[in-house]
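Have a go at each one before you read on.

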Amino acid sequence: MEAVSIEARSPAQRERRRRILAAAVDLATEGGFDAVQMREVADRAEVALGTLYRYFPSKVHLLVCALLERFEDAEVRQRTVPAPGEDAQERVRHVLGGQTRALQREPLLTEAMTRAFVFADGSVAAEIRRVEAVVSDLLTGAMAGPGGSREDYRRTARVLADVWLAALVGWVTGRTTADDVWARLDDACRLLVL
């Protein structure tokens, strides 16, 4: 089943999609990945279960889209108010630190979205690529600074994003602490961002 295309959405469809994502985020915030049950999402969003599946064919798809929305919002904010800092390292540390702290403030939601991202199969490939692209834009924007060339930083951003994901997976699975996440990100910034 193919999800409702973003481009083809009417205002009513966009509002319905917003309610569905908000319901999923609320459930994940309350109880993590396992708490996000499609019937409960549909009930909270006040849509039919079939409608929910037309928008999001699976729970994984739904939670990856919630993660995408979070990063899209952050990237839009960064374009409006660039990350502060004298150099690329300071700006990237600011962005990674802010985003990581925001994710850690909602541990069950972060666990749910991270698990979905890691579990995603080929049916969610387009959304995964979009998350990767938005995170890359977020990081390259920080490295380049206002008016700088983002292309110079694309490869570095991909590696930083991989380190960030690995650190988050360690944190949400209880193998590492929040401080460990930041230590790994700090090391990655010092080693990679020149």
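**Exercise 1.** Work out which helices the buried residues of H2 pack against.

*Solution.* Start by listing the buried residues of helix H2 (residues 38–45): Met38, Val41, Ala42 and Ala45. Buried here means under 20% relative accessible area, exposed over 50%, partly exposed in between (1.4 Å probe, protein chains only). Now look down the axis of H2: these residues fall within an arc of 100 degrees, so they line one face of the helix. The arc is taken from the directions from the helix axis to the C-beta atoms. Finally, the partners: the buried residues of H2 pack against helix H1 (11–31), helix H3 (49–55) and helix H4 (59–80); contact means heavy atoms within 4.5 Å. Helices are DSSP runs (H or I, at least four residues), numbered from the N terminus.

This is a predicted model: local features need pLDDT of at least 70, side-chain atom pairs count only at pLDDT 80 or more, and totals for chains, interfaces and linings use all residues. Residues are numbered from 1 along each chain as its sequence is written, and side-chain values use heavy atoms, with hydrogens and water left out.

**Exercise 2.** Describe the backbone and exposure of Glu46.

*Solution.* First place Glu46: it sits in the loop between H2 and H3. Next, check phi: it's positive, about 60 degrees, even though Glu46 isn't a glycine. Last, with a relative accessible area of 67%, Glu46 is exposed.

Conventions: Helices (H or I, at least four residues) and strands (E, at least two) are DSSP runs, numbered from the N terminus.
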